[in-house]
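Here is a short briefing to read with the model open beside you.

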Amino acid sequence: MIDSLPIGAKITLPKGTYKLDSAIILKDGMKLIASNNNVKIKGTGNNILFWTGNDNTFQGIEFQNCGTAISVLYKKGLSVLSCGFTSNISYAAVNIYGGSNCSVKYSYFYDVHKFGVLIDKDSSNITIDNNNFNNAKVFDGNAFEQISGHVYCMNGTDVKVTNNIIKNSGGQGIFFGYNSTTGKGTTNSVASNNLTEGNGQEGATIYGGESKVSSGNSFIGNTSKNNRFNQIEVWQSDNNLVSGNTVEESLAGTGNLGAICLFTTTGTTVSGNKVLSAQSNGINITAGSSNCQIANNNIANTNVKNDIDSSEKGNGILLDSNGISQPQYISIKSNKINSSIGIIGKSGIYSTSNTNQHNIIDTNAISSYKYGLHEYADMTRE
């Protein structure tokens, strides 16, 4: 049927289940629209269902049991609207490779165990908005972290991930990372107003590798809670913004270095965030990070794990080398660090260095910690 129709055809599919054992190649401008909410397209378990042309639309269709439902290869203008991706999609629900001007909106993803939306190869202007990503079990039922993610950008620019519910991936919730094969990363992208919860690695990560090929990205206004590792993480990536987010680590078995973690990053700003609880540190600044601004954050109830032996765990803000090098030229100003669970036997601000690291630590309000500004952190100030 599709082969017989011209470029730009609109195809309204009657209700029913359509089983495909090979891929369909769409012509430019074609639109596949479900006539009602009972149109399902099923694969054989590992096949690709659709290769797109330019400017294709899928609306109201549920895709099931395939390797990849929709694959974009150097095409533009894909629109996925109010679709479903369920029941054993083994690789990627939507795979955008070298694509541009694509959007996935108002759709749901369930029982997708590898990638929900996978983005790579210089893709640009990609919008992922108002979707629901979920699996049946926390961490997708995995005892250990997986290489996977609901929104997983290995390489692209101007990627916008907004207003989504992102839960129970075996790996990351949102990943702005890099492709180790091509050496290219994610730039000038933003994740805002998302909920990331119960994911098997971080809730949201910016990762650039040793060459720091990812940079200039933003996490703004998200809620990230009870993911296995750090709730928000900037790892080997420069000039990012983490602002207005709310993070929480209230469940045992969650949290790692810090609810918000900066690892080998330069020029990153962390401002106006709320740390409601942290199993270890509230904000962890580590591994040679430099010239970062940490300002106007509210940090509460750290050391939920009750670590009594390690001084570098459980603090409001930690400065630490992590075996690499001490953070330098860090500005920590006007943060509020407190506790609603009694006195915490840790420091509001602590450093594992006791020598000048050219830091600015000023006008912070610390209460209900055994030590406020620890003398070691004081000694790292300019």
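This is a predicted model: local features need pLDDT of at least 70, side-chain atom pairs count only at pLDDT 80 or more; totals for chains, interfaces and linings use all residues.

Residues are numbered from 1 along each chain as its sequence is written, and side-chain values use heavy atoms, with hydrogens and water left out. The chain contains one helix and 42 strands; helices (H or I, at least four residues) and strands (E, at least two) are DSSP runs, numbered from the N terminus.

**The chain as a whole**

- The C-alpha trace spans about 75 × 35 × 30 Å along its principal axes.
- Of the 382 residues, 55% are buried. Here buried means under 20% relative accessible area, exposed means over 50%, and partly exposed lies in between (1.4 Å probe, protein chains only).
- Among contacts with a separation of 6 or more, 66% are between residues 24 or more positions apart. A contact means heavy atoms within 4.5 Å.

**Charges and salt bridges**

- The chain carries 27 positive and 27 negative side chains, and the centres of the two sets are 9 Å apart. Lys and Arg count as positive and Asp and Glu as negative, while His and the chain ends are not counted. The place of a charge is taken as NZ of Lys, CZ of Arg, CG of Asp or CD of Glu.
- How many salt bridges does a search of the whole structure find? There are five, a salt bridge being a side-chain nitrogen of Lys or Arg within 4 Å of a carboxyl oxygen of Asp or Glu.
- One of them joins Lys 184 to Asp 122, with the closest N and O atoms 2.9 Å apart. This pair links distant parts of the chain, 62 residues apart: Lys 184 is in strand β21 (residues 184-187), and Asp 122 is in the loop between β13 (115-120) and β14 (123-129). Lys 184 is partly exposed at 37% relative accessible area, and Asp 122 is partly exposed at 40%.
- Another salt bridge pairs Asp 238 with Lys 212 at 3.0 Å, N to O. Asp 238 sits in the loop between β27 (232-235) and β28 (241-243) and Lys 212 in the loop between β24 (204-207) and β25 (218-220), so the pair ties together parts that are 26 residues apart in sequence. Asp 238 is buried at 18%, whereas Lys 212 is partly exposed at 23%.
- Asp 158 and Lys 160 also form a salt bridge, their closest N and O atoms being 3.2 Å apart. Asp 158 is partly exposed at 32%, and Lys 160 is partly exposed at 23%.

**A buried charge without a salt bridge**

- Asp 120 belongs to strand β13. Asp 120 is buried but has no salt bridge, and the nearest side chain of opposite charge, Lys 121, is 7.4 Å away.
- Leaving out residues up to four places away in sequence, Asp 120 touches Ile 96, Tyr 97, Gly 98, Met 154, Asn 155 and Asn 179.

**Two more residues and their surroundings**

- Val 72 is part of strand β8 (residues 62-73) and is buried, with a relative accessible area of 1%. Beyond four places in sequence, its contacts include Thr 52, Leu 78, Ile 96 and Tyr 97.
- Arg 381 is in the segment after α1 (375-379) and is partly exposed at 33%. Beyond four places in sequence, Arg 381 touches Asn 356, Asn 359, Ile 361 and Leu 373.

**Positive phi angles**

- Ser 82, although not a glycine, has a positive phi of about 55°. Ser 82 lies in the loop between β9 (79-81) and β10 (84-97) and is partly exposed at 38%.
- Asp 140, also not a glycine, has a positive phi of about 55°. Asp 140 is in the loop between β15 (132-134) and β16 (149-153) and counts as buried at 15%.
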